[in-house]
Amino acid sequence: MADEGFDPEEVPEPSDEDTRIADAAASALARARAAAAEKGLRPGMKPKKRRRPIGHAPVLSGSARDGRDPALLGDQLDRLLLDRGWKVDVAVGSVMGRWPEIVGPDIAGHVEPLTFVDGILTVRADSTAWATQMKLLASSLLARIDEEIGAGAVSELKIVGPGAPSWSRGGRRSPDSRGPRDTYG
C-alpha cells in the first residue's frame, strides 16, 4: 500500500483553454513584477506609508463638520435662491417688511413701499409735501437700501403722491366738464 500516491501517467493533458489561462496569468504576474521593479520595490519589502501633503488634514469622523454631514437649512435656502435667481426679490421683500427699521419711524409714518418691479421700488407718500421731501431724500434713501441688501438691487426709487379723488364718476360729475380744474381760470 505504499505505492498509493501520485501516478504521473494518470494526469490528463492540459487543454488549449487551460494553456491560454495559464499564459494570461503568467503574463499578468510578469507585468505586476515589472511595475513593482520600476517603482523600486523588491519582494519582501514592507509597503511605505503614504504621506499627505502639508496642510491636508485627514478626513476623520467626529464632531467637526466635513463634506459628509447634512447641510444646514439656511445654506440650502441660500443655494435655492441663487439657483432660481430670487436673491434680489427676496432682499427687496425684506426691505418692504423692515421698512420702518430702514427709513426710521418718522418717514415710515408718512411713506409706505408699494411695489418692486425691474429694479424700481415704488413708494407712496401720504401728502404732496412728503412726496417732495422724499424726492429730495431719494439718493440717501437708495444708499441706505444698498447698505441693507447690497448694491444694485434697487436701481431707482419712484415716489408717488397721495391718490386724488376721481371726478369722472360720482354725484359731482358734470357730463361736459373737465372736472374741478375748469373753474380755476
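What percentage of the 185 residues in the protein chain is buried? Buried residues make up 16% of them. Keep in mind throughout the tour that this is a predicted model.

**Whole chain**

Color the chain by pLDDT to begin. The mean is 77, and 77% of the residues reach 70 or more. Helix H6 (residues 128-136) has the highest confidence, with a mean of 89, while helix H3 (residues 87-97) has the lowest, at 75. Where pLDDT is low, the predicted coordinates should not be read in detail.

Switch to a cartoon view. The chain holds seven helices and three strands, in the order α-α-α-α-α-β-β-α-α-β along the sequence. Of the contacts with a separation of 6 or more, 51% are between residues 24 or more positions apart.

**Helix H1**

Select residues 16-38, which form helix H1. At 1.5 Å a residue, its 23 residues should span 33 Å, and the C-alpha atoms at its ends are 33 Å apart, so the two values agree.

**The nonpolar patch**

Next select Leu-73, Leu-77, Leu-80, Trp-86 and Val-90, which make a nonpolar surface patch of about 480 Å². Helix H2 (residues 73-84) gives the most to this patch, with three residues. Leu-77 is found in H2 and is partly exposed, at 44% relative accessible area.

**The salt-bridge network**

Now show the side chains of Arg-98, Arg-144, Glu-147 and Glu-148, which are linked in a network of salt bridges. Side chains of opposite charge can pair when their charged atoms come close. The whole structure has three salt bridges.

Begin with Arg-98 and Glu-148, whose side chains meet at 3.0 Å, N to O. This pair joins distant parts of the chain, 50 residues apart: Arg-98 lies in the loop between H3 and helix H4 (99-103), and Glu-148 in helix H7 (residues 138-149). Arg-98 is partly exposed, at 27% relative accessibility, and Glu-148 is also partly exposed, at 29%.

Move to Arg-144. Its side chain forms a salt bridge with Glu-148 at 2.8 Å, N to O; the two are four residues apart in H7, which means a separation of about one helical turn. Arg-144 also bridges to Glu-147, with the closest N and O atoms 3.5 Å apart, and these two lie three residues apart in H7. An α-helix has 3.6 residues a turn, so residues three or four places apart point the same way.

Finish by comparing accessibility: Glu-147 is exposed, at 60%, whereas Arg-144 is partly exposed, at 28%.

Methods
Residues are numbered from 1 along each chain as its sequence is written. This is a predicted model: local features need pLDDT of at least 70, side-chain atom pairs count only at pLDDT 80 or more; totals for chains, interfaces and linings use all residues. Side-chain values use heavy atoms; hydrogens and water are left out. The expected span of a helix is 1.5 Å times one less than its number of residues. pLDDT is the predictor's confidence in each residue, from 0 to 100. Buried means under 20% relative accessible area, exposed over 50%, partly exposed in between (1.4 Å probe, protein chains only). Contact means heavy atoms within 4.5 Å. Patches are made of residues with over 30% relative accessible area and no salt bridge: like charges are joined within 9 Å, nonpolar side chains (Val, Leu, Ile, Met, Phe, Trp, Tyr) within 5 Å. Accessible areas come from the Shrake-Rupley method with a 1.4 Å probe; for residues, only the protein chains shown count as cover.
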